[in-house]
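Hello,

Please find the structure below.

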Amino acid sequence: MKLSQFKFRLPEEQLALYPSYHRDECRMMVVHRKSGRIDMHLTDEEGNTLTDEDGKPQFIEFRHLINYFDEGDTFIFNDTKVFPARLYGTKEKTDAKIEVFLLRELNKTMRLWDVLVEPARKIRIGNKLFFDDSGTMVAEVIDNTTSRGRTLRFLYDCPHDRFKRELFALGSSPLPHYIVDKRPATEQDMTDFQCIFAKNEGAVTAPASGLHFSRELMKRMEIKGMEFAFITLHCALGCFHNIEVEDLTKHKMDSEQMFVEKEACEVVNRAKQAGKHICAVGTSVAKATETAVGTDGLLKEYEGWTNKFIFPPYEFGLADSMVCNFYHPQSTLMMSSCAFGGYDLVMRAYELAVENGYRFGCYGDAMLIIDD
């Protein structure tokens with residue numbers, strides 16, 4: 001397919017700058033990929049649309065997800081944990097303000113980090129950056145990796161755990177630029193921009209579809225007999241990169257580290273073999289499971305990296321349902337959703353989302369794609 005086929009007009013006011021007050025009370029559109037039906041409103045047992053006190057249709061909310069699944073159905077979650085990756089420092093001598101975005105630690109002993117810097121034109125090999133008023137957290141640029149990429153060596157002599165703790169204390173939640181360009185990240189964002197089941201540190205952006213799950217909802221799902229499996233894919237910034245080619249087969253995705261362990265495989269494969277529904281929570285989970293699924297349709301243990309790029313047409317080998325958000329035009333995340341639900345049907349859902357005021361982005365509303 002072509003890049004231009006994923007273009008649509010997204011009103012700026014529909015970009016969510018803040019999450020819903022309660023995680024599980026955002027709107028949720030339900031897309032039935034076999035019948036082609038799209039549901040936005042609550043209905044009674046006879047199919048009549050329910051209305052509020054003012055006579056307006058009541059929208060389906062994320063907490064109603066539980067109504068679409070039964071005992072034994074299994075959800076696969078990404079338990080990666082976001083760390084406070086965005087720091088602001090000053091350049092030695094000039095005191096120019098520099099944004100440093102931590103990507104990943106390269107060497108614990110030498111305190112080496114792969115980072116992005118902005119404005120990049122001001123940062124050269126040999127420059128030193130200061131990150132606190134006392135001048136104790138200092139980093140030296142030792143290599144250029146890309147146009148914006150640098151390797152930093154932090155000049156901080158202390159045990160590694162203390163170094164990480166003090167470095168992260170200087171950072172803020174790595175919200176995407178379409179949010180922080182309009183309002184600053186707050187301490188609350190470190191909670192809001194983190195899934196409640198986050199466990200394994202390494203992500204520089206949240207697996208956004210998992211943000212909708214509250215402890216109360218997951219407890220209700222557990223009581224109903226649904227099963228949970230957890231895999232890890234450390235979400236990187238590739239999903240925010242602009243695609244520069246019209247022919248999607250020529251686009252190269254950034255690699256992301258992922259882990260699928262034995263326990264997750266056992267939970268998922270038991271449900272799969274019993275004929276239960278398997279729901280991928282987010283496009284990161286879909287990417288990971290499609291990397292690790294075998295030709296027999298079962299999930300395999302995996303430790304490594306993936307740069308899998310999923311766009312239509314694509315035949316998924318494991319999950320038969322998916323939770324996703326409403327994403328930006330021409331984004332790889334939107335393309336993955338279209339691949340799962342069917343291009344024409346998901347594009348129609350996006351049209352309805354724009355027309356009906358759904359919120360887009362990491363803090364936005366959800367879409368549930370089911371196989372009926």
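Strands β16 (residues 321-325) and β17 pair in the antiparallel sense, over four bridges. Asn325 has Ala366 of β17 as its bridge partner.

A word on the source. This is a predicted model, in which local features need pLDDT of at least 70 and side-chain atom pairs count only at pLDDT 80 or more, while totals for chains, interfaces and linings use all residues. Residues are numbered from 1 along each chain as its sequence is written, and side-chain values use heavy atoms, with hydrogens and water left out.

Helices (H or I, at least four residues) and strands (E, at least two) are DSSP runs, numbered from the N terminus. Two strands pair if DSSP finds at least two bridges between them.

On its other pairing, β17 runs parallel to strand β1 (residues 28-32), joined by five bridges. Met367 in β17 is the bridge partner of Met29.

Contact means heavy atoms within 4.5 Å. Axes are lines fitted to C-alpha atoms, for helices over the stretch in contact, and angles run from 0 to 180 degrees between N-to-C directions.

**Buried pieces**

How many residues of strand β17 (residues 366-370) are buried? Five of its five are. Buried means under 20% relative accessible area, exposed over 50%, and partly exposed in between (1.4 Å probe, protein chains only). In a regular strand, side chains alternate between the two faces of the sheet. In β17, Ala366, Leu368 and Ile370 point one way, and Met367 and Ile369 the other way.

Helix α7 (residues 332-341) is largely enclosed by the rest of the structure, because ten of its ten residues are buried. What covers them includes α6, β16, α8 and β17. Just after α7, Gly342 takes a positive phi of about 100 degrees.

Now take Leu299, in the loop between α6 (283-292) and β15 (302-306). Why does Leu299 count as buried? Its relative accessibility is 2%. Leaving aside neighbours within four places in sequence, its contacts include Val260, Ala264, Val268, Ala292 and Leu318. Leu299 and Tyr68 are 231 residues apart in sequence, and 23 Å apart in space, C-alpha to C-alpha.

**Cores**

A nonpolar core is a set of buried Ala, Val, Leu, Ile, Met, Phe, Trp, Tyr and Cys residues joined through side-chain atoms within 4.5 Å. The largest one has 99 residues, and Leu65, Phe75 and Phe213 touch the most other members. Helix α8 (residues 343-355) gives the largest share of this core, eight residues. Not counting residues up to four places away in sequence, Phe213 touches Arg23, Phe62, Leu65, Phe75 and Met218, among others. Another core, of 28 residues, lies apart from the largest one. Among its members are Trp113, Val115, Leu116 and Val117.

**The barrel**

Six strands form a closed barrel, β5-β6-β7-β10-β9-β8, with antiparallel pairing. Neighbouring strands of this sheet are turned by 45 degrees against each other on average, direction ignored. Helix α1 (residues 160-169) packs on the sheet and touches β5, β6 (97-107), β7 (112-118) and β10 (149-154). Its direction makes about 150 degrees with that of β6. Two bridges join β5 (residues 86-91) to β8 (residues 128-130). Thr90 stands opposite Phe130 in β8.

**A pocket**

The second largest pocket is lined by 15 residues, of which Asp79, Lys199, Phe230, Glu261 and Glu263 lie nearest its centre. On a 1 Å grid over the protein atoms alone, a pocket is an open set of points where a 1.4 Å probe fits, with protein on both sides within 12 Å along at least five of seven lines; lining residues have an atom within 4 Å of a point. β12 (227-233) and α5 (262-273) each give two or more residues to the lining. The largest share, five residues, comes from β12.

Best wishes
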